[in-house]
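Dear colleague,

Please find below the structure that I am handing over to you. My notes on its architecture follow directly after it.

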Amino acid sequence: MRSGSIARQLFVLQALVVTLLVAIGTTGAVLLARDDAEQAAIDQVVGIAEAVARSPAVVEAVRGPAPSPMLQPYAESIRLATHTDFVVVMATDRTRYSHPTEKLIGQPFIGSIDAALAGGRVVEKHTGTLGESVRTVVPVRDGSGTVIALVSVGITTDAINQKLLSRGQAVLIPTALALLLAAAGSWLLNRRLRRQTHGLGPAEMTRMYEYHDAVLHSVREGLVVVDRDGRVTLVNDEARRLLDLPGDAPVSELDLPPEVAAILAPAPGESGREMKDDEPVLAGDRVLVANQREIRSQGQLIGAVLTLRDHTDLRALTGELDSVRGLTEALRAQAHEAANRLHTVLTMVELGRTDEALRLATAELAYAQQLTDQVVGALDEPALAALLLGKSAQAAERGVQLIVDDASRLDGARLPSRDLLTVVGNLVDNALEAVAGTDPPRTVTVLVVEEDGEVLVKVSDSGPGLPARDVRAAFQRGWSTKENGRGVGLSLVRQVADRHGGSYAVGERPGGGAVVAIRLPVPA
């Protein structure tokens with residue numbers, strides 16, 4: 001069963017808390033108002049009693065033989081004029097001379113009078129014939145200061161409560177306003193919170209966080225999320241691995257590779273972001289494929305998400321597949337040419353020209369064997385030797401002469417085979433592309449040699465050359481002279497050189513063309 005949303009639960013909690021606080025505040029206000037009303041009643045009855053006790057008419061009536069006929073009308077007039085509940089004049093032995101209930105005149109007064117008999121004042125809350133009341137008792141003195149009678153004035157608590165209730169609007173209206181304001185504030189907060197939490201409850205949000213966290217840690221794609229200003233807000237484990245980011249560093253302190261940061265950076269003056277589909281990105285020694293999408297909420301752009309997939313191995317396999325495909329095509333062409341030559345030799349034998357047939361057959365065999373012996377003898381790295389033999393056949397198919405420099409010499413696996421194949425293969429491919437379409441003779445020369453603790457790979461071609469202004473850009477991802485080129489080959493070469501602490505240089509070949517030299521230090 002689905003529990004209420006966080007917004008609803010918070011609204012109910014706020015309503016209860018606010019109602020409780022308002023109730024406590026109202027109760028406190030009522031109690032304070034009651035205390036104030038009682039104190040006001042005490043002040044009122046004390047003042048009235050003092051005034052009555054000092055009245056000459058009261059002193060004269062008390063001294064007379066029949067005080068009640070004179071004091072009863074006077075006391076009632078005072079009571080009615082001052083809105084009190086009783087004004088009682090009594091003898092020092094408690095005998096009443098006046099009372100609102102005339103049948104109680106002559107009966108003893110109920111309450112404390114000792115302090116008043118002693119010349120002081122009595123202030124108390126006491127229950128008498130009219131019920132509970134707030135009362136005071138003060139002495140009546142003659143000219144010599146002798147206490148000759150007592151005056152008691154009181155207001156019942158019912159009258160005080162009625163007066164307090166009549167002023168209830170002064171408390172109820174602010175209380176109602178406070179409740180309305182609190183309810184309105186809670187409703188607005190509830191509405192905002194419901195919008196931000198999408199109406200989800202605590203259990204649902206907990207499950208969502210657990211699923212979200214589990215997916216981020218288990219997904220095999222790198223995930224980088226940025227806000228609308230391009231600040232990184234989330235990077236999952238796979239993205240940290242692919243981008244070689246420290247695993248314990250906060251996302252706000254991560255230093256992304258330049259190409260990744262360039263994709264994630266918002267374009268100045270644009271409200272949206274450019275979507276990326278299978279964009280190749282170089283990050284360290286990896287070739288990544290990046291896809292970027294906008295993140296929008298209620299039509300507003302709030303950021304972007306970038307997914308990264310590792311295509312390093314796939315690129316290497318693709319390159320090897322291209323080499324194998326090229327070699328296969330070259331071998332197919334060579335097989336076709338060999339068949340033609342074989343038919344030619346057989347025909348010459350049938351015509352009786354065996355000497356010319358023998359010279360033709362041995363010349364072709366000697367050239368192929370010479371190239372194989374030269375490459376295998378100079379390079380002890382079998383994968384590199386096989387690559388150059390394959391590239392030679394591929395070049396011959398394109399009408400290009402691939403020359404392995406006689407100075408080439410590489411003893412053993414001085415560097416990782418993959419790195420050597422990446423450098424030599426991409427440089428030769430670029431050279432073959434450069435001489436394509438130029439006038440014969442079209443040549444590509446390869447030199448691979450170890451000298452001074454470095455492996456030097458130098459590839460020159462008879463193509464149009466590379467302008468000095470384009471050298472730096474040529475080794476960056478995306479630069480290509482081909483219309484549909486991806487611009488990855490030379491950037492991979494630069495990447496290998498950077499990883500080994502090597503260098504690269506581009507020069508001009510005498511007679512025209514380009515010379516690309518890569519130096520890779522040999523590890524100790």
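**Helix packing, sheet and cores**

In this structure, helix α2 passes α3 in a left-handed crossing. Please note that the model is a predicted one. The axes of α2 and α3 lie 8 Å apart, and the two helices pack at an angle of about 155°. Angles over 145 degrees count as roughly antiparallel, and α2 and α3 are therefore roughly antiparallel to each other. On the α2 side the contact is made by V58, A61 and V62, and on the α3 side by P67, M70, L71 and Y74.

Helix α3 covers residues 67-82 and includes R79. Is R79 buried or exposed? With a relative accessible area of 18%, R79 is buried, because the limit for a buried residue is set at under 20%. Leaving aside residues up to four places away in sequence, R79 touches T84, D85, F86, V87 and P100.

An open sheet of four strands, with antiparallel pairing, has the order β1-β4-β3-β2. Strands β1 (86-90) and β2 (122-128) stand at its edges and have a single partner strand each, so one side of each is left without a neighbour in the sheet. On average, and with direction ignored, neighbouring strands of this sheet are turned by 30° against each other. Within the sheet, β3 (residues 131-141) and β4 (residues 147-156) pair in the antiparallel sense over nine bridges. R141 stands opposite V147 of β4.

I turn next to the nonpolar cores. The largest of them has 36 residues, and those with the most contacts inside it are L427, V444, V448, V457 and I518. At least two residues of this core come from each of the helices α12 (382-397), α13 (417-435) and α15 (489-499), and likewise from each of the strands β10 (401-404), β11 (443-451), β12 (454-461) and β14 (514-521). Helix α13 supplies the largest share, eight residues. Not counting residues up to four places away in sequence, L427 touches V457, V459, L490, V493, V516 and I518.

With kind regards

Terms used
Residues numbered from 1 in each chain as written. Predicted model: local features only at pLDDT ≥ 70, side-chain atom pairs only at ≥ 80, totals over all residues. Heavy atoms only, no water. Pairing = 2+ DSSP bridges. Axes fitted to C-alpha atoms, helices over the stretch in contact; angles between N-to-C directions. Core = buried A, V, L, I, M, F, W, Y, C linked by side-chain atoms within 4.5 Å. Buried < 20%, exposed > 50% of the residue type's maximum accessible area, 1.4 Å probe, protein only. Contact = heavy atoms within 4.5 Å. Parallel < 35°, antiparallel > 145°, perpendicular 65-115°, else oblique. Left-handed = near helix turned anticlockwise from the far one by under 90°.
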